[in-house]
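Colleague: I have a model open and want a quick tour of its insides. Can you put it up so that we can go through it together?

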Amino acid sequence: MMLNHSTDPIDPAKLTPCALTEVLSQAATDPAAFGALCAEADQIRARVFGDTVHIRGIIEFSNHCRNDCLYCGIRCSNSAITRYRMSADEILETALTAKRLGCGTVVLQSGEDPFFTAPVLSAIICRIKNETGLAVTLSVGVRTRGELAELKAAGCDRYLLRFETSSETLFNAIHPDCAFAERIACLQDLRELGYQVGSGFMIGLPDAPLEQIARDIAFTTQLNLQMIGCGPFLAHPGTPLAGKPTLEHRSVYYAAMALLRILNPHAHIPSTTAFDALDPDGRDRVMQCGANIFMPNITPAKYRRLYQLYPGKPSVDEGGDASFRRTCERLTALGRTVSTEAGHAF
């Protein structure tokens, strides 16, 4: 399937994995085709969501992790980093900052840290809900159905768990402590328990051809997610996959995001931080090809520099106020309006 350079929209029903591969290939080398694809995705975003952008403040509250993923800077075998855990009071204080700044949601993100059990997290969620009224998203890895039910009862609204790649073979090769089937089962549990569910994949995994990115896009769409969070593959220098190259054609990263919007018109799609590590204006570019969510990092500066999942993480020395202010400036420059509402899924 060739991209249409006219104003005729792409028919999502025709975007099979094979057709998606062809679209990605053409967008990689044809600037006109790439521009048309991004423009269509942005038109869909504007039609469904308007120019309003929901702001979700990220709190990276622990860099302890029991897993040893081959690309991640906080993998358990990395002894070169200083580990930290924010206290419940620190997390609440940061959530109160998010409320003051105008975030509608806080995203509590960590490694898979056994210290933060479901009861510990539930107590924190209850305090945030009671004292701020903010929506709460958790991103803390695979949990049992019982744990997820407890967290939902405490007031957790959303859960983000990336499947990373739809290739079980590739997933298992780079995640020695995880199982693909277990992760997919967790996503199903989340849906059945009433969460707003977010997932996604890493774009440009090493030795993965365009066909794999196409299959990942198709798999994401089949999951019928409320939120789709994807980012470029960027291996931390202290990991076994360090130095693996990025995709030859940078436009593929953005074309993949545009296709996700075209195939998932009602999903919330954030412009994730890693795109700024790929390109200085990476998150701006994602906002222009279909994204409608921006997630400034409001983690206290003394911890932020220690949460290094990948190289080149931007703004590691900023405080929450500065990050939020820069976010507003960027979005205003793009002609977007900042919303203080939670921005729940349809």
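Colleague: By class, what does the lining of the second largest cavity have?

Modeller: The lining there has four nonpolar, five polar and five charged residues. Ala, Val, Leu, Ile, Met, Phe, Trp, Tyr, Cys and Pro count as nonpolar, Asp, Glu, Lys and Arg as charged, and the others, Gly among them, as polar. This is a predicted model, so local features need pLDDT of at least 70 and side-chain atom pairs count only at pLDDT 80 or more, while totals for chains, interfaces and linings use all residues. Residues are numbered from 1 along each chain as its sequence is written, and side-chain values use heavy atoms, with hydrogens and water left out.

Colleague: How much space lies in the second largest cavity?

Modeller: About 100 Å³. A cavity is a set of points on a 1 Å grid over the protein atoms alone where a 1.4 Å probe fits but cannot get out, and lining residues have an atom within 4 Å of a point. Points are joined across faces, edges and corners, and the volume is the space filled by probe spheres set on them.

Colleague: Which residues are closest to the centre of the second largest cavity?

Modeller: R283, N297, S315, S323 and R326, out of 14 residues that line the second largest cavity. Helix 13 (residues 320-333) gives the largest share of that lining, four residues. Helices (H or I, at least four residues) and strands (E, at least two) are DSSP runs, numbered from the N terminus.

Colleague: How many cavities of 30 Å³ or more does the structure hold?

Modeller: Three. The largest cavity has about 890 Å³ of space and a lining of 37 residues, with Q109, S139, R162, E164 and L309 nearest its centre.

Colleague: Which strand gives the most to the lining of the largest cavity?

Modeller: Strand 2, with three residues. Strand 1, strand 2 (105-110) and strand 8 (231-232) each supply at least two.

Colleague: You mentioned E164. Where is E164 found?

Modeller: E164 sits in the loop between strand 4 and helix 6. With a relative accessible area of 9%, E164 is buried; buried means under 20% relative accessible area, exposed over 50%, and partly exposed in between (1.4 Å probe, protein chains only). The phi of E164 is near 75°, a positive value in a residue other than glycine.

Colleague: And N224, buried or exposed?

Modeller: N224 is exposed, at 54% relative accessible area. N224 belongs to the loop between helix 8 and strand 7 (227-228), and its phi is also positive, near 55°. Most residues other than glycine have a negative phi.

Colleague: New topic, rings. How many aromatic pairs does a search of the whole structure find?

Modeller: Ten. Y84 and Y303 make a stacked pair, 4.7 Å centre to centre with 20° between the planes. Rings of Phe, Tyr and Trp (its six-membered ring) pair if their centres lie within 6.5 Å; planes under 30 degrees apart count as stacked, over 60 as edge-to-face and the rest as tilted.

Colleague: Which parts does the pair of Y84 and Y303 tie together?

Modeller: Y84 is in the loop between strand 1 (52-62) and helix 3 (88-101) and Y303 is in helix 12 (residues 301-304), so the pair ties together parts 219 residues apart in sequence. Y84 and Y303 are both buried.

Colleague: What about F163 and F219, what kind of pair do they form?

Modeller: Edge-to-face, with 4.9 Å centre to centre and 75° between the planes. F163 lies in the loop between strand 4 (158-160) and helix 6 (168-174) and F219 in helix 8 (residues 210-222), 56 residues apart. Both are buried, and together with F171, F180 and F201 they form one aromatic cluster.

Colleague: Which residue lies over the face of Y254?

Modeller: R285, at 4.0 Å from the ring centre. K152 lies over the face of Y195, at 5.9 Å. A charge sits over a ring if NZ of Lys or CZ of Arg is within 6 Å of the ring centre and within 35 degrees of the ring normal.

Conventions: 1 Å grid on protein atoms, 1.4 Å probe; cavity = no way out; pocket = protein on both sides within 12 Å on 5 of 7 lines; lining within 4 Å.
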